[in-house]
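This briefing covers the structure shown below. It starts with one contact and then turns to other topics.

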Amino acid sequence: MSVLNEILSPDFLLRNSLYISILAGLVCPIAGVYLVLRRMVFLGIALPQISSLGIAVALTIHALYGVHLDTHAAEEKVLAYAGALGFSLIAIILLSFAEIRSKSNSESRLGAVYVIAMALSILILAQCPNAEKGWLNLLKGEIIAISDTDLIISAIGFGIVIICFLLFNREFTLMSFDREMALALRKNVVFWDVFLFVLLGTIIAVSVISVGPLVAFGFAIIPPLIVRHHVSSIRAFIVFSSLCGVVGAFCGFIISYKNDLPLGPTDIVLLGIAAVISYLCRKTIVFIRKIKTIKK
Amino acid sequence: MNTEWLARLSNLSVGYESPVIEEINLEIRAGDFIGLLGPNGSGKTTLLKTIAGILKPLAGDVVFNEEYPSTVGYVPQKESLNPEFLLSGYEVVLMGTYGRKKLFKPVTREEKDFVVKCLQLVDAELFARKPFFELSGGQRQRILIARALAVKPRLLLLDEPIAGVDLPTAQSIMELLVKLRTEQGIAIVFVTHDISMTLRYANDTFVIHQNRLLKLNKEELRSADRIETLLNVYFG
């Protein structure tokens with residue numbers, strides 16, 4: 001109880017880390033739901049890695065070109081946001097159109113993109129040891145040094161994305177469920193697809209820069225996996241996935257703080273345990289229903 | 001029956017990269033009931049999608065009567081839809097109204113009432129609240145027809161509406177289409193492999209043979225020789 005009181009205190013030193021992981025837990029599952037519905041989960045793996053390649057390029061560019069940054073931390077952050085967003089948006093648009101047009105080899109293509117992005121990040125960061133250290137922390141899911149500015153920027157980014165999803169939910173559902181129907185209704189399918197992918201890319205990019213690729217992908221994919229078979233509407237799917245992400249982020253933070261564990265991996269392992277429990281619950285329910293049917 | 005033209009296909013060639021059907025000249029009129037036959041890969045679906053505006057013609061034109069804008073309701077093959085989506089039958093039908101929905105505005109009460117009417121018209125209101133992908137093939141087909149009706153179409157294009165359903169269900173779907181044509185005056189073009197259903201219900205029958213759309217005379221089709229020719233088209 002004392003840990004909980006300490007964490008919830010407004011003066012808590014790591015409060016921004018708590019807030020940012022809760023925000024990521026709230027918003028990443030929305031991207032995850034759409035990736036699951038559109039059968040693009042592999043894109044969810046590749047994208048955070050490409051986003052972190054963008055951060056690696058942005059953080060190392062000054063070292064590669066011998067540019068000295070006076071206000072190092074602030075400019076680094078701006079560069080990192082630009083790198084993550086730029087790489088994510090370009091990649092998601094190119095990859096998603098490749099997904100729509102090509103019917104084969106999407107897994108191998110995304111697998112190749114993932115591993116190449118990872119290798120390139122390591123090669124680029126080898127040019128700048130300082131950037132490499134920060135990037136490795138991000139990769140490990142160390143969510144500690146979150147300034148008020150970082151938190152506000154992330155909250156604004158996530159807020160805009162959530163508003164767009166609320167406003168255009170029907171258009172995105174129509175486009176994703178039955179593209180041909182949308183075309184027959186004379187909808188601008190390319191515009192809505194690009195818009196959806198830009199929103200998904202923004203969620204991933206802002207999450208990667210805030211909590212790292214591991215946590216971004218984990219929060220995007222595991223909560224929808226936990227919730228998928230227990231809901232019967234898309235609205236419930238999105239709401240409960242986000243709720244699951246928030247609860248996971250909060251509980252993960254308590255466990256991590258109490259046991260002095262890195263936050264990101266703690267969150268993901270906790271969500272993993274919840275996914276196993278959810279799977280067992282589903283199997284038990286199916287088993288009980290079968291027995292009831294046999295008895296009848 | 002009103003015989004004003006709804007759509008004109010002029011020197012139309014359809015296909016993806018190279019044409020699968022060429023030089024199609026056809027006028028679709030109000031109240032038409034057209035059956036489209038052809039072997040697998042002959043271009044039946046491609047033609048339907050081109051009329052619906054989903055695919056662009058490779059050559060020629062599809063022109064709609066300007067008096068009836070947005071006149072096409074398209075019913076895809078039910079297997080072509082993404083089963084990951086947790087949508088009820090009602091939500092699927094509601095999509096038919098999205099063509100009239102203004103950006104930033106919710107679907108109006110009138111539109112929701114109209115969706116209920118469409119569901120009643122196809123006898124689907126009893127199972128409309130169930131998850132779409134948990135419905136039987138025939139029920140799903142009725143929902144998709146209701147969705148196409150929610151577009152307020154003058155022309156209904158159906159891609160294999162009776163594929164994968166049992167005979168009584170297939171008959172009830174065809175009877176429903178007859179009812180829509182008679183009561184609503186909607187022109188219907190449907191693609192099928194079922195020659196007997198086409199002969200029984202369609203007013204005009206077309207078959208795709210050697211990249212051409214051929215009109216078949218119904219009386220001729222009742223003769224054993226012509227049916228044999230048709231079967232040869234299918235099975236080589």
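B:Lys49 and A:Glu180 form a salt bridge, with their closest N and O atoms 2.5 Å apart. The model is predicted. Across the interface of chain B and chain A, three salt bridges are found by the rule.

**Interface of chain B and chain A**

- The size of an interface is often expressed as the accessible area lost when the parts come together.
- About 2,700 Å² is buried between chain B and chain A, and 64% of that area lies on carbon and sulfur atoms.
- Three residues, B:Glu84, B:Phe85 and B:Leu86, supply 27% of the area that chain B buries against chain A, more than any other three residues.
- Chain B brings 28 residues to the contact, and chain A brings 27 residues.

**Nonpolar cores**

- The largest nonpolar core has 127 residues, of which A:Phe165, B:Ile143, B:Ile145 and B:Leu156 touch the most other members.
- Helix α9 of chain A (residues 189–211) gives this core its largest share, 14 residues.
- Leaving aside residues up to four places away in sequence, B:Ile145 touches B:Val75, B:Val122, B:Leu158, B:Ile173, B:Leu176, B:Leu177 and B:Leu180.
- There is also a second, separate core of 27 residues, and among them are B:Ala52, B:Tyr74, B:Val191 and B:Ile208.

**Nonpolar surface**

- A:Tyr114, A:Val115, A:Ile116 and A:Leu120 make a nonpolar surface patch of about 340 Å².
- One of these residues, A:Ile116, is found in helix α5 of chain A (residues 106–125).

Technical notes. Residues are numbered from 1 along each chain as its sequence is written. Chains are lettered from A and ligands numbered from 1 in the order in which they are written. This is a predicted model: local features need pLDDT of at least 70, side-chain atom pairs count only at pLDDT 80 or more; totals for chains, interfaces and linings use all residues. Side-chain values use heavy atoms; hydrogens and water are left out. A nonpolar core is a set of buried Ala, Val, Leu, Ile, Met, Phe, Trp, Tyr and Cys residues joined through side-chain atoms within 4.5 Å. Buried means under 20% relative accessible area, exposed over 50%, partly exposed in between (1.4 Å probe, protein chains only). Helices (H or I, at least four residues) and strands (E, at least two) are DSSP runs, numbered from the N terminus. Contact means heavy atoms within 4.5 Å. Patches are made of residues with over 30% relative accessible area and no salt bridge: like charges are joined within 9 Å, nonpolar side chains (Val, Leu, Ile, Met, Phe, Trp, Tyr) within 5 Å. Accessible areas come from the Shrake-Rupley method with a 1.4 Å probe; for residues, only the protein chains shown count as cover. A salt bridge is a side-chain nitrogen of Lys or Arg within 4 Å of a carboxyl oxygen of Asp or Glu. Buried area is the accessible area (1.4 Å probe) that two parts lose on being put together, summed over both.
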